[in-house]
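User: I have a protein model open and would like to go through it piece by piece. Can you help me read it?

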Amino acid sequence: MKNFNFFGDLMEKVLSFDVDGTLVTPLFADTIWLESIPSLVAQKYCISLEEAKSMIYKDYENIGPNRLEWYDINYWIEKYELKVNPKEFVESHSYLVQLYPEVLEVLETLKDKFNLIIISNSARIFLDVTTRNIRKYFKHIFSTVSDFNRIKDSNVYTQICKRLSISPLQMIHVGDSYELDYLSAIRSGISAYYVDRNGRMYGQYVIRSLRELLFKIL
Ligand SMILES: [Mg+2]
């Protein structure tokens, strides 16, 4: 990091990305949570896949994304007493990791202009697989649930700024959750862009793809 400086262009900028839905398509995570876990449960309890899905989806809903268990594969493996090694299980889905088509080109363009980092809610065991082919672009990869034991709230953004010894004014965060990536980031004083690939929202801080980000920040 260069010396901290409050004056515009001289200020070192950190550009932070979410992963799932932002850099990587939901295919990998959705297959694990919505298909593979139900399929293991169906086998173990000798029930149909449909029955397993309806039970598990209800259990997911009861926990909800505001609790840490939601993100914790060990919790679900233990809950259903599945006989799998969590790391090997997640790894066996690595062939499903898909970057959005513009990602490599955008990261190449940005890598010398910003310090790139990742701030994700995914547990480390998932991030190790999803970021494998793009790790070289990032100075830090934070898993809020594994590193801070919390979901991506404004407090965690503040803690990450402290850990990087930067002011929130030096960071821009980009992600596809309006609540967790946009609102939580701006509440902590960070600038943020909301990636809305479905084109439902409009505004100065809404982008349709990461390519649009280039026009906003360069
Ligand atoms: Mg996301």
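User: Anything to know before we start?

Analyst: This is a predicted model, in which local features need pLDDT of at least 70 and side-chain atom pairs count only at pLDDT 80 or more, while totals for chains, interfaces and linings use all residues. Residues are numbered from 1 along each chain as its sequence is written.

User: OK. Which domains does the chain have?

Analyst: The assignment gives domain 1 (8-25 + 98-217) and domain 2 (27-95). Such bounds come from an automatic or database domain assignment. The C-alpha centres of domain 1 and domain 2 lie 27 Å apart.

User: How many residues does each domain put into the contact?

Analyst: Domain 1 gives 14 residues and domain 2 gives 13 residues. Two residues are in contact if their C-beta atoms, placed from the backbone, lie within 7 Å.

User: Which helix gives the most on the side of domain 1?

Analyst: Helix 6 (residues 124-130), with four residues. Helices (H or I, at least four residues) and strands (E, at least two) are DSSP runs, numbered from the N terminus.

User: And how do the residues on that side divide by type?

Analyst: On the side of domain 1 that touches domain 2 there are seven nonpolar, six polar and one charged. Here Ala, Val, Leu, Ile, Met, Phe, Trp, Tyr, Cys and Pro count as nonpolar, Asp, Glu, Lys and Arg as charged, and the others, Gly among them, as polar.

User: Now the core. Which residues touch the most other members of the largest one?

Analyst: A192 and Y193, in a nonpolar core of 40 residues. A nonpolar core is a set of buried Ala, Val, Leu, Ile, Met, Phe, Trp, Tyr and Cys residues joined through C-beta atoms within 7 Å. Domain 1 and domain 2 both give residues to this core, so it lies between them.

User: What is A192 in contact with?

Analyst: Leaving aside neighbours within four places in sequence, the contacts of A192 are I172, H173, V174, D181, Y182, A185, I186 and Y205. With neighbours within four places left out again, Y193 is in contact with V174, Y205, I207, L213 and K216.

User: New topic: helix 1. What does its span look like?

Analyst: Helix 1 (residues 27-45) has 19 residues and reaches 26 Å from its first C-alpha to its last, close to the 27 Å expected at 1.5 Å a residue. The expected span is 1.5 Å times one less than the number of residues.

User: Where is the kink in helix 1?

Analyst: At S36, shortly before the proline P38, and it is about 30°. The bend at a residue is the angle between axes fitted to the seven residues ending there and the seven starting there.

User: Which residues of helix 1 are buried, and what covers them?

Analyst: F28, A29, I37, P38 and V41 are buried. Their cover includes helix 2 (49-63), helix 3 (73-79) and helix 6.

User: Last one. Which residues have a positive phi without being glycine?

Analyst: Among them are N149, at about 60°, and S165, near 55°. N149 is in the loop between helix 7 (144-147) and helix 8. S165 is in the loop between helix 8 and strand 4 (171-175).

User: Is S165 buried or exposed?

Analyst: S165 counts as exposed because it has 9 C-beta neighbours inside 10 Å. N149 is also exposed, with 9 other C-beta atoms within 10 Å.

Technical notes
Buried ≥ 20, exposed ≤ 12 C-beta atoms within 10 Å, placed from the backbone.
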